[in-house]
Amino acid sequence: MESLHKALKIAFASEYAFYLKAHYFHWNVEGPNFPQYHELFANIYEEVYGSIDKFAEEIRATGTYTPGSFTRFSILSQIDDETQLLPAESMLIELLEDSDRMQEMFRIVFRAAEELGQHGLSDFLASRQDAHAKHSWMLRSTLK
Ligand SMILES: [Fe+2]
């Protein structure tokens, strides 16, 4: 259970960092396709943010505590912070790589939850993997 707790906290901090980056790109994207990019990033950050509270409460239900500060998030997150103002295409490429990474992270944490018979939790983690598969599809298709 202890390794599951750790993996959950890392995935949670990473998901929050992913959410924040999508929102940051939504705010700052520029270029001739601004309306489409602005909306694409909005759809992504809104979907991910909508999962955060449930994710935190799923973690609490496993008997551990949920991180909730930028300090802890920056220690735990495997999604690198972006502080630069990137061109639109670079934003799409970076968020696609991050979304693929989130899919992989959820695939691994899912297995850990399943091994402990935490089927409700693994169901939630599977839905997050699936949500990121869709975000990756949208980003990949926009880059073609
Ligand atoms: Fe907005």
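What volume does the largest pocket have? About 250 Å³. Before you click, two notes: this is a predicted model, where local features need pLDDT of at least 70, side-chain atom pairs count only at pLDDT 80 or more, and totals for chains, interfaces and linings use all residues. Residues are numbered from 1 along each chain as its sequence is written, and side-chain values use heavy atoms, with hydrogens and water left out.

**Stop 1: the pocket**

Select Ala13, Tyr16, Ala17, Leu20, Lys21, Phe70, Phe73, Ser74, Ser77, Ile79, Asp80 and Asp81, and you have the lining of the largest pocket. A pocket here is an open set of points on a 1 Å grid over the protein atoms alone, where a 1.4 Å probe fits, with protein on both sides within 12 Å along at least five of seven lines; lining residues have an atom within 4 Å of a point. The volume is the space filled by probe spheres set on the points, which are joined across faces, edges and corners.

Now colour by helix. Helix H1 (2-28) and helix H3 (70-76) each supply at least two residues of that lining, and the largest share, 5 residues, comes from H1. Helices are DSSP runs (H or I, at least four residues), numbered from the N terminus. Colour by class instead and the lining splits into 7 nonpolar, 2 polar and 3 charged residues.

**Stop 2: a helix pair**

Next, select helix H4 (residues 88-115) and helix H5 (residues 119-143). How far apart are the axes of H4 and H5? They are 8 Å apart, and the helices pack at an angle of about 160°. That makes H4 roughly antiparallel to H5 (the cut-off is over 145 degrees). Axes are lines fitted to C-alpha atoms, over the stretch in contact, and angles run from 0 to 180 degrees between N-to-C directions. The contact of H4 with H5 takes in 15 nonpolar, 9 polar and 6 charged residues.

**Stop 3**

Glu97 is exposed, at 53% relative accessible area (exposed is over 50%, buried under 20%, partly exposed in between, with a 1.4 Å probe and protein chains only).

Move to helix H2 (residues 34-61) for Glu47, which is partly exposed at 29%.

Is Glu58 buried or exposed? Buried, at 16% relative accessibility. Show Leu125 too: it is 67 residues from Glu58 along the chain, with 9.7 Å between the C-alpha atoms.

Finish in the loop between H2 and H3, at Thr64. Thr64 counts as buried, at 9%.

Note on methods
Ala, Val, Leu, Ile, Met, Phe, Trp, Tyr, Cys and Pro count as nonpolar, Asp, Glu, Lys and Arg as charged, and the others, Gly among them, as polar. Angles under 35 degrees count as roughly parallel, over 145 as roughly antiparallel, 65 to 115 as roughly perpendicular and the rest as oblique.
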